[in-house]
Amino acid sequence: MLDLEGETVTKARVVIGYLHTGIEKNTEYRNWTQGTTFVTRMDYLAPLFNEAGYCMAVEKLLGVEVPQRAQTIRVLVMELNRIASHLVALATFGMEMGALTGMTNGFREREMVLDLLEEITGLRMNHAYIRPGGLAQDLPEGSVESIREFLKVFPKRVADFHRLLTGQPIWQNRLKDAGYLDLTGCVALGITGPVLRATGLAWDLRKVEPYLGYETYDFEVPTADTSDAWGRYLVRMAEVNESLRLIAQALDRLEPGPVMVEDRKIAWPAQLSLGADGMGNSLDHVRHIMGQSMEALIHHFKLVTEGFRVPAGQVYVPIESPRGELGYHVVSDGSTRPWRVHVRDPSFVNLQATAAMSEGGMIADVIAAIASIDPVMGGVDR
């Protein structure tokens, strides 16, 4: 809601809540594994980050270490997801600014990434692929080759974006000095992600509080010094290239091994296979639980219907999503369901910056300011 004096904004207020889903509350009524199918739908442009943050919190409460192969694949799919998310940011930015080719190209390139994620997880979005203890399944045959093909083609697509938009005088004029917010303002409001890095501070949780072995990867944290919409655009473009570097490194260090913890009391699903009728328990596992071991059948039944117990306690696990610090505060009372799951969603926090970016400027610049924040309302109204 804007108060105006002619074309100048004197006051800006953000009204949220139109997409409220109650996802955090819903997780309290499902077992720990089922929680992944809810959290993945919060920030629906970065579903794999929600899954990773949630599962890492559950694993911290359980005190389990995820197998190395699963950690590497998590990095791989999250960086693919970061590229897809940034492409939507760029595409919608173009659409809001009237650069329609930027929009069509952005969504076109994103399809390449979604095809890869579909090949790996079976779904384009809301994958529920990352599970407490590891992954739902290993990389399918041929997916590594598909990703390598993608890595050959995609740098040129990023260069095309620069040719289309970055040197464009109209694009520059619409973004430069729009939505200004300096480092002091960002820190005061708790702003993270590309909006913060566009003020010149290289704050990225993959570097400052590494997880999943990010400290062993070679990558840069792109920054800008403009503190405006232009800088945020450049930071996201540069981050796409860094994600490509990380994906290549993750592929090179993939070693054979399990993708789920050995503990049978946690590992679910652990024996999936792809059959003629789709994915399900492997025939060996069905044979075992249905014909060989009554105990295994009882255990499988209990694990699927009731779930595993998580020791009482509470943790906070932050990760670097495409929009900034995505934090999971998870509380367990020792039962088979979470007592509380609360999410620090970066879109929710970053959206506070709207007033600071907009007041005193023109109406047209409000559009550029909000587009440069790249908020996803599924995360805001969770």
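**Note on cavities, surface patch and salt bridges in a predicted model**

1. Two cavities of 30 Å³ or more are counted in this structure, a cavity being a set of points, on a 1 Å grid over the protein atoms alone, where a 1.4 Å probe fits but cannot get out. Grid points are joined across faces, edges and corners, and a volume is the space filled by probe spheres set on the points. The model is predicted, and for that reason local features need pLDDT of at least 70 and side-chain atom pairs count only at pLDDT 80 or more, while totals for chains, interfaces and linings use all residues. Residues are numbered from 1 along each chain as its sequence is written, and side-chain values use heavy atoms, with hydrogens and water left out.

2. The largest cavity has a volume of about 60 Å³, and its lining, meaning residues with an atom within 4 Å of a point, consists of Tyr44, Leu45, Pro47, Asn81, Ala84, Arg110, Leu114, Leu117, Arg124, Met125 and His127. Helix H4 (68-97) and helix H5 (100-121) are the elements that give two or more residues to this lining, and H5 gives the most, with three residues. Helices (H or I, at least four residues) and strands (E, at least two) are DSSP runs, numbered from the N terminus. Sorted by class, the lining of the largest cavity has seven nonpolar, two polar and two charged residues, where Ala, Val, Leu, Ile, Met, Phe, Trp, Tyr, Cys and Pro count as nonpolar, Asp, Glu, Lys and Arg as charged, and the others, Gly among them, as polar.

3. The second largest cavity holds about 30 Å³ of space, and the residues that line it are Leu87, Leu90, Phe154, Val158, Phe161, Met237 and Val240. Two or more residues of that lining come from each of H4, helix H6 (143-166) and helix H11 (229-252), with H6 giving the most, three residues. The lining of the second largest cavity divides into seven nonpolar, no polar and no charged residues.

4. On the surface, a nonpolar patch is formed by Leu183, Val187, Leu201, Trp203 and Val208, which together have about 390 Å² of accessible area. Patches are made of residues with over 30% relative accessible area and no salt bridge, nonpolar side chains (Val, Leu, Ile, Met, Phe, Trp, Tyr) being joined within 5 Å and like charges within 9 Å; the areas come from the Shrake-Rupley method with a 1.4 Å probe, and for residues only the protein chains shown count as cover. Val208, which lies in helix H10 (residues 205-208), counts as partly exposed because its relative accessibility is 38%, given that buried means under 20% relative accessible area, exposed over 50%, and partly exposed in between (1.4 Å probe, protein chains only).

5. The structure holds 24 salt bridges, each being a side-chain nitrogen of Lys or Arg within 4 Å of a carboxyl oxygen of Asp or Glu. In one of them the side chains of Glu59 and Arg74 meet at 2.7 Å, N to O; Glu59 lies in helix H3 (residues 47-62) and Arg74 in helix H4, so this pair ties together parts that are 15 residues apart in sequence. Both Glu59 and Arg74 are buried.

6. Another salt bridge brings together the side chains of Glu109 and Arg157 (2.6 Å, N to O), and this pair links distant parts of the chain, with Glu109 in helix H5 and Arg157 in helix H6, 48 residues apart. Glu109 is buried, with a relative accessible area of 2%, whereas Arg157 is partly exposed, with a relative accessible area of 24%.

7. Glu239 forms a salt bridge with Arg197, in which the closest N and O atoms are 2.7 Å apart. Since Glu239 lies in helix H11 and Arg197 in helix H9 (residues 194-197), the pair ties together parts that are 42 residues apart in sequence. Glu239 counts as buried at 2% relative accessibility, and Arg197 counts as buried at 0%. Salt bridges that share partners join Glu79, Arg82, Arg197, Asp204, Arg206, Glu239 and Glu320 into one network.

8. Two backbone angles deserve a look. Asn126, a residue other than glycine, has a positive phi near 50° and is placed in the loop between H5 and strand S3 (130-131). Ala128, in the loop between H5 and S3, has a positive phi of about 50° although it is not a glycine, and Ala128 is buried, with a relative accessible area of 9%.

Conventions
1 Å grid on protein atoms, 1.4 Å probe; cavity = no way out; pocket = protein on both sides within 12 Å on 5 of 7 lines; lining within 4 Å.
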